[in-house]
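This briefing concerns one protein chain, shown below with its sequence. The points that follow are grouped by topic.

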Amino acid sequence: MSSIQPNIEREIAFDRYMLNVRALLLDFQYIEESLKILIAGSYEAIRRSAPAMIYFRPSRSSLEKDSLGKLIQKYESISRNDPLIRALRTVLADRNFCAHRSYLLSIEEQEDIKFLEAESQRMEVIRILTKDCLKVLSNELQVIAAHLNESSVNLAERDAPQAPTDEVDNLPPPCASSS
């Protein structure tokens, strides 16, 4: 019975590690997608406010293959949120580890309960940071969405056909035909 207990503990430690890896990968995917939406939304806001003589049409598709590091660079060029930029840079190395190395455990590491527990704890700390980043990104997404909605209304009002003015209403009636 004593040989079963270490196996169960190892399985629990391994499962916890794997759950943390998956949760972090999901967080990082949301961070990347949020940045793509924010950058594209910011580009759209710039495009809408640019004079007609300035051609500015970066596309959302140009962001699709960008890595998190490249997205952070692009976001930095359009954002004043320095604390978020620093936080994103802080988790960048952790994202790269999770995406490229986290599943590459040696047999010894897979069997080492202390290693698995330590790595799980480390990932749980990183997860606190990623969740904080996601909260801030969510707020920024709401701000850019509101701005774009407002500018859409303003553009629609600007481009709408003009209603007749009072001058038309004050024209004399057509002449009556004489019979």
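Is Cys-98 buried or exposed? Cys-98 is buried, since its relative accessible area of 1% falls under the 20% limit for that class. The model is a predicted one, and the protein chain holds six helices and zero strands.

**Overall architecture**

- Read from the N terminus, the order of elements in the protein chain is α-α-α-α-α-α.
- The protein chain has 179 residues, of which 30% count as buried.
- When contacts between residues at least 6 apart in sequence are considered, 81% of them join residues at least 24 apart.

**Cysteines**

- Cys-133 is also classed as buried, with a relative accessibility of 2%.

**Nonpolar core**

- The largest nonpolar core comprises 32 residues.
- The residues with the most contacts inside this core are Tyr-17, Phe-28, Ile-31, Leu-35, Ile-39, Tyr-75 and Leu-88.
- Two or more residues of the core come from each of helix 1 (4–49), helix 2, helix 3 (82–100) and helix 5 (113–159).
- Helix 1 is the element that gives the most, contributing 13 residues to the core.
- Beyond its neighbours within four places in sequence, Phe-28 is in contact with Leu-68, Val-91, Asp-94, Arg-95, Cys-98, Ile-126 and Thr-130.

**Helix 2**

- Helix 2 spans residues 68–76, and its buried residues include Leu-68, Leu-71, Ile-72, Lys-74 and Tyr-75.
- These residues lie on the same side of helix 2, because the arc they cover around the axis is only 165°.
- In an α-helix there are 3.6 residues a turn, so residues three or four places apart point the same way.

- Asn-20 is located in helix 1 and is buried, with a relative accessible area of 10%.
- The side chains of Asn-20 and Glu-124 make a polar contact at 3.4 Å.
- Apart from neighbours within four places in sequence, the contacts of Asn-20 are with Ser-120, Met-123 and Glu-124.
- Ser-34 likewise belongs to helix 1, and its relative accessible area of 10% makes it buried.
- With neighbours within four places in sequence left aside, Ser-34 is in contact with Leu-134, Leu-137 and Leu-141.
- Although Ser-34 and Leu-141 are 107 residues apart along the chain, their C-alpha atoms are separated by 7.4 Å.

**Thr-90 in helix 3**

- Thr-90 lies in helix 3 and counts as partly exposed, because its relative accessibility of 49% is between the limits of 20% and 50%.
- A polar atom of the Thr-90 side chain lies 2.8 Å from the backbone oxygen of Arg-86.
- The C-alpha atoms of Thr-90 and Thr-130 are 9.8 Å apart in space, while the two residues are 40 apart in sequence.

Technical notes:
Residues numbered from 1 in each chain as written. Predicted model: local features only at pLDDT ≥ 70, side-chain atom pairs only at ≥ 80, totals over all residues. Heavy atoms only, no water. Buried < 20%, exposed > 50% of the residue type's maximum accessible area, 1.4 Å probe, protein only. Helix = DSSP H or I, 4+ residues; strand = E, 2+ residues; numbered from the N terminus. Arc of directions from axis to C-beta. Core = buried A, V, L, I, M, F, W, Y, C linked by side-chain atoms within 4.5 Å. Contact = heavy atoms within 4.5 Å. Polar contact = N/O pair within 3.5 Å; in protein donor to acceptor, adjacent residues only side chain to side chain.
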